[in-house]
Amino acid sequence: RLVKGSHLVTRKFWEGDHAYLLQNTDKRVIFVNPYERDLALIGTTDIPVEGRPEDAAVESREIAYLLDVLRRYFRNPPSEADIIHSFSGVRPLYDDSAENPSAVTRDYVFDLDETGGAPLLNIFGGKITTFRELAERAVQKLGKFFPTMGGDWTEHATLPGGEIEDADFIRFANGLRDAYPWMKRDLVYHYARLYGARTAQVMGNATSTADLGRHFGAHLYEAEVRYLIAREWAQTAEDVLHRRTKEELHMTADEQAAFAAWFEAELARAAA
């Protein structure tokens, strides 16, 4: 069962680093989170998806629904004119016959087909926030087919770039400021937040801002782009601006166009 969740992005409209969890009259909750430095992320909705999931987009009724919730709780909430960006994601949920899309289980269901002795494990539902637990249970389901398989090990394993002592991000970011005293504070935080312990790989041998290469706007420099191409499989300008860095939210249309032209030229030069 496919259910769409849509989000709105506006300028941040409250003081402080905290988020809000708002209870709506339909018993659903809406998140209002600090987002990308000076922005706010508002969501989400639950709308059954009809047609192709790749065509999903935010609908006017979803915008009205989210803004109505904000008007109930905030003195000066954003209006539709304040929306900077919006996006939708489609959740492939396990259909448990719930009438209300919000009531459909977010849990996962396994279906193991052992026909002919060749295992085929199908996974229905699940959430990205529980992907590790899902993956571990999936491997356990297949354990009997692989008698030499080792035990569970991911509980204490860090994600790439997460090798931060005591998981103390503030201390880690302050350490980066000491390591790169020439770098502006907000740029240090940008790299620390996106790349963590891999920041040194992004920096390379840079000893000044000039060593980061061309500045495309906001926090985007050539060194980061080349790292994303080499290590994170970025293949288009959209990959960099939208999927990897979100810097499109902070760059002008002209800056984005100039970056796209540069990126395409670089790819063509590399392929020649």
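This is a predicted model: local features need pLDDT of at least 70, side-chain atom pairs count only at pLDDT 80 or more; totals for chains, interfaces and linings use all residues.
Biologist: Why is L21 called exposed?

Modeller: The cut-off for exposed is over 50% relative accessible area. L21 has 54% relative accessibility, so L21 counts as exposed. The residue lies in strand β2, residues 20-23.

Biologist: What makes up the nonpolar surface patch of about 270 Å²?

Modeller: L21, V29 and F31 make that patch. Nonpolar side chains are joined within 5 Å, and patch residues need over 30% relative accessible area. At 54%, L21 passes that cut-off.

Biologist: How many aromatic pairs does the structure hold?

Modeller: There are 14. One of them is formed by F13 and F74.

Biologist: Why is the pair of F13 and F74 called edge-to-face?

Modeller: Ring centres must lie within 6.5 Å, and planes over 60 degrees apart count as edge-to-face. Here the centres are 4.9 Å apart and the planes stand at 80 degrees, so the pair is edge-to-face.

Biologist: What does the pair of F13 and F74 tie together?

Modeller: F13 lies in the loop between β1 and β2, and F74 in the loop between α1 and β6, so the pair ties together parts 61 residues apart in sequence. F13 and F74 also belong to one aromatic cluster with W14 and Y20.

Biologist: Is F74 buried or exposed?

Modeller: Buried means under 20%. F74 has 14% relative accessibility, so F74 counts as buried.

Biologist: What makes the pair of F259 and F263 tilted?

Modeller: Stacked means under 30 degrees, edge-to-face over 60, and the rest are tilted. F259 and F263 have 55 degrees between the planes, so the pair is tilted. Both residues are buried. They are four residues apart in helix α8, which means a separation of about one helical turn.

Note on methods. Residues are numbered from 1 along each chain as its sequence is written. Side-chain values use heavy atoms; hydrogens and water are left out. Patches are made of residues with over 30% relative accessible area and no salt bridge: like charges are joined within 9 Å, nonpolar side chains (Val, Leu, Ile, Met, Phe, Trp, Tyr) within 5 Å. Accessible areas come from the Shrake-Rupley method with a 1.4 Å probe; for residues, only the protein chains shown count as cover. A salt bridge is a side-chain nitrogen of Lys or Arg within 4 Å of a carboxyl oxygen of Asp or Glu. Helices (H or I, at least four residues) and strands (E, at least two) are DSSP runs, numbered from the N terminus. Buried means under 20% relative accessible area, exposed over 50%, partly exposed in between (1.4 Å probe, protein chains only). Rings of Phe, Tyr and Trp (its six-membered ring) pair if their centres lie within 6.5 Å; planes under 30 degrees apart count as stacked, over 60 as edge-to-face and the rest as tilted.
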